[in-house]
Amino acid sequence: MARNRWDREDAPEKHIGLLQLVQMLSLLVIFVAGIIIGIATSPHINRYFDSLAQLTFTNNIASPKISDDNCTILRTCEKVDCLTMEGFVHPDNLTHSMTDDEVLWRASMLPYKKGYPFDRVPKVAFMFLTRGPLPLLPLWERFFRGHAGYFSIYVHTPEDYELDVSTDSPFYGRKIPSKDVEWGSISMVDAEKRLLANALLDFSNERFVLLSESCIPIYKFSIVYKYLIRSKQSFVESYDAPTRYGRGRYNQKMLPDIHLYQWRKGSQWFEIQRDLAVYLVSDTKYHTIFKKYCRPACYPDEHYIPTYLNMFHGSLNANRTVTWVDWSIVAPHPPTYDGIDVTEGFIQSIRNKGNQCSYNSEMTSVCYLFARKFAPSALVPLLNLTSTVMGF
């Protein structure tokens with residue numbers, strides 16, 4: 001009897017223990033199922049957040065927002081290869097944002113590797129240092145016509161001047177970043193070096209000629225091109241002038257870097273080969289000396305380049321200019337020729353002065369390729385003579 005009583009008392013406790021065991025097993029099954037489901041779905045979740053992050057990054061960074069009044073437009077960035085060979089050796093855009101120091105530094109670079117990795121046709125860089133308008137523009141446009149690929153044009157104007165030419169003109173878009181120039185100051189040399197530096201960025205430019213808005217060509221393009229490209233020397237007038245207009249402008253404070261016997265004078269209007277152009281834009285030392293000690297009545301544009309070349313590269317220079325100027329009258333400036341002065345005989349007299357000069361170690365009667373100074377009124381008479389006298 002006692003045994004049956006204890007069996008009845010133990011029965012409820014067994015039921016309670018069994019229920020707890022079932023609950024624990026159920027919780028364990030739910031926990032394991034949760035782990036399995038989590039493992040199975042985690043790649044999809046990762047892919048979702050990865051896609052969301054990529055979409056957000058693309059919208060916020062790769063596509064710039066262009067604000068337009070009350071709306072925002074998303075524009076996809078255009079992929080531009082800034083390191084193409086064509087863009088490096090033949091830069092088309094002259095309106096860059098480089099400072100003078102930056103463009104001079106870049107222009108001073110010389111490749112040491114022989115040859116060129118492109119089909120290089122040597123060009124002549126025509127650099128116009130102007131006070132603004134180009135009154136003889138139609139004459140130069142006729143001169144360049146039909147010779148694309150053999151020349152480059154660079155125009156320096158006052159800083160705020162807008163060069164207004166037609167879109168089909170070879171002068172279109174050829175103004176370089178310019179600054180105002182004060183006559184007789186170092187700013188004139190700065191403008192010349194600025195033109196050289198911008199022209200040197202085109203690796204096909206081999207010869208560099210400095211001209212003004214009052215200059216004219218006196219031969220057709222093919223003659224000018226061959227004369228310059230085939231020359232073994234540059235054409236910079238550089239001579240010793242034992243007068244107050246020459247040696248009298250020398251400043252002894254230039255010692256010990258520049259001595260009086262090295263001092264030279266010459267015409268501002270030069271023509272030089274590429275190697276000399278690189279040397280000039282690379283110079284800082286002597287440019288600084290002229291800036292400090294060559295001031296009116298010393299004029300840097302008449303002394304800096306002639307003296308520098310005489311000191312370091314005299315063998316590369318013909319010591320003469322190819323731009324004719326009339327200095328027959330003693331005056332601060334040469335005379336300017338008007339339309340009434342322009343005749344066939346006058347142009348022929350410039351082309352053949354009856355003198356000879358040295359060209360590649362031989363004597364020639366072709367000593368000048370350009371002439372100045374010509375007024376705007378000379379344009380029509382000059383155009384009437386291009387085909388009969390100048391050959392273009």
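Reader: Why is the disulfide of C357 and C367 called left-handed?

Author: The torsion about its S-S bond is about -115 degrees, so this disulfide is left-handed. C357 lies in strand β9 (residues 357-359) and C367 in the loop between β10 (362-364) and β11 (370-372), so the pair ties together parts 10 residues apart in sequence. Strands here are DSSP runs of E with at least two residues, and helices are runs of H or I with at least four, numbered from the N terminus. A word on the source: this is a predicted model, where local features need pLDDT of at least 70, side-chain atom pairs count only at pLDDT 80 or more, and totals for chains, interfaces and linings use all residues. Residues are numbered from 1 along each chain as its sequence is written, and side-chain values use heavy atoms, leaving out hydrogens and water.

Reader: How do you know that C294 and C298 form a disulfide?

Author: Their sulfur atoms are 2.0 Å apart, and a disulfide is a pair of cysteine sulfur atoms within 2.5 Å, so the pair qualifies. By this rule the count comes to two disulfides.

Reader: What makes I153 count as buried?

Author: Its relative accessibility is 1%. Buried means under 20% relative accessible area, exposed over 50%, and partly exposed in between (1.4 Å probe, protein chains only), so I153 is buried.

Reader: Which residues does I153 touch, not counting those up to four places away in sequence?

Author: I153 touches L94, F126, F128, F144, P170, F171 and R174, where contact means heavy atoms within 4.5 Å.
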